[in-house]
Amino acid sequence: MLASNEIQLGEVIKENVNAEIEKQIGQSAVVLYMKGNSQLPQCGFSAQVVQILNLLKVEYKTVDILKNEILREEIKRYSNWPTLPQLFIKQKFVGGCDIITQMYQDGSLEELVTG
Amino acid sequence: MTKEEFENRIIKALPNAKVEAKDMTGGGDHFSVQVSSDKFKGKTLVEQHQIINQIFEEDFKGTLHALSIQTFIPK
């Protein structure tokens, strides 16, 4: 089942994957690529970032990379980052779980999403 | 990969770095690491983590599943 803030995936093929990613990260100021969705995260690191975004009461959308193998690999190349989850703010890659946790703790994440 | 192999890979790439790793599962597939290096100076967090991630680029395609990183710049 699709969570209400989950981005529905169009057809993703290797040739259009960059355009697809750019479309996805343009759908909201805050977009999280994760395993599962915000209602049912499928990995502890994804769950942790969801929890932080919920604590900040920020609006965000998610992409479930478990639903598409091409997207799952290509997002890593797009951001030059080897693991998931990955958070994009205002179309820019901000970090994975460790960085988001650190930025939440030092207040810079809130600044970035509200500023 | 053992914890020692893991730490040595980082030290080889970043001489003088202080490295403290933990094998989170005991299976060598999920490490947690703290790295302190002056190579991080002037770099964003993403760039600092990318330096570490790049060392293990090939491993991420195979046996390495997760890597938690904390970076520090020595005072």
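Biologist: Which residues does Leu32(A) touch, not counting residues up to four places away in sequence?
Modeller: With those neighbours left out, Leu32(A) touches Val49(A), Leu53(A), Tyr60(A), Thr62(A), Pro85(A) and Leu87(A), where a contact means that the C-beta atoms of two residues, placed from the backbone, lie within 7 Å. Please keep in mind that this is a predicted model, in which local features need pLDDT of at least 70 and side-chain atom pairs count only at pLDDT 80 or more, while totals for chains, interfaces and linings use all residues. Residues are numbered from 1 along each chain as its sequence is written, and chains are lettered from A and ligands numbered from 1 in the order in which they are written.

Biologist: And how many residues does the largest nonpolar core have?
Modeller: That core has 29 residues, and those with the most contacts inside it are Leu32(A), Val49(A) and Ile100(A). A nonpolar core here is a set of buried Ala, Val, Leu, Ile, Met, Phe, Trp, Tyr and Cys residues joined through C-beta atoms within 7 Å. A residue is called buried if 20 or more other C-beta atoms lie within 10 Å of its own, exposed if 12 or fewer, and partly exposed in between, with C-beta atoms placed from the backbone.

Biologist: Ile100(A) sits in α4(A), so which residues of that helix are buried?
Modeller: In helix α4 of chain A, residues 97-105, the buried ones are Cys97(A), Ile99(A), Ile100(A) and Met103(A). Helices (H or I, at least four residues) and strands (E, at least two) are DSSP runs, numbered from the N terminus.

Biologist: Why do they line one face of the helix?
Modeller: Seen down the axis of α4(A), the buried residues fall within an arc of 165 degrees, so they line one face; the arc is that of the directions from the helix axis to the C-beta atoms.

Biologist: What covers them?
Modeller: The cover includes α2 (44-55), β3 (86-89), β4 (92-95) and α5 (108-114) of chain A, together with α2 (45-55) of chain B.

Biologist: Then how many residues are in contact between the two chains?
Modeller: Nine residues of chain A are in contact with twelve residues of chain B. On the side of chain A that touches chain B, α4(A) gives the most, with three residues.

Biologist: Changing topic, in what order do the strands of the open sheet in chain B come?
Modeller: The three strands lie in the order β1-β2-β3 of chain B, with mixed pairing, and two strands count as paired if DSSP finds at least two bridges between them. The edge strands are β1 (18-23) and β3 (66-72) of chain B, each pairing on one side only.

Biologist: How many bridges join β2(B) to β3(B)?
Modeller: Seven bridges join strand β2 (residues 30-36) of chain B to β3(B), and these two run parallel. Within that pairing, Ala66(B) in β3(B) is the bridge partner of His30(B).

Biologist: Where is His65(B)?
Modeller: His65(B) is in the loop between α3 (57-60) and β3 of chain B, and it touches Asp29(B) and His30(B), again not counting residues up to four places away in sequence.

Biologist: Why is it partly exposed?
Modeller: His65(B) has 15 other C-beta atoms within 10 Å, so it counts as partly exposed.

Biologist: How far apart are His65(B) and Gly28(B)?
Modeller: They are 37 residues apart in sequence and 9.0 Å apart in space, C-alpha to C-alpha.
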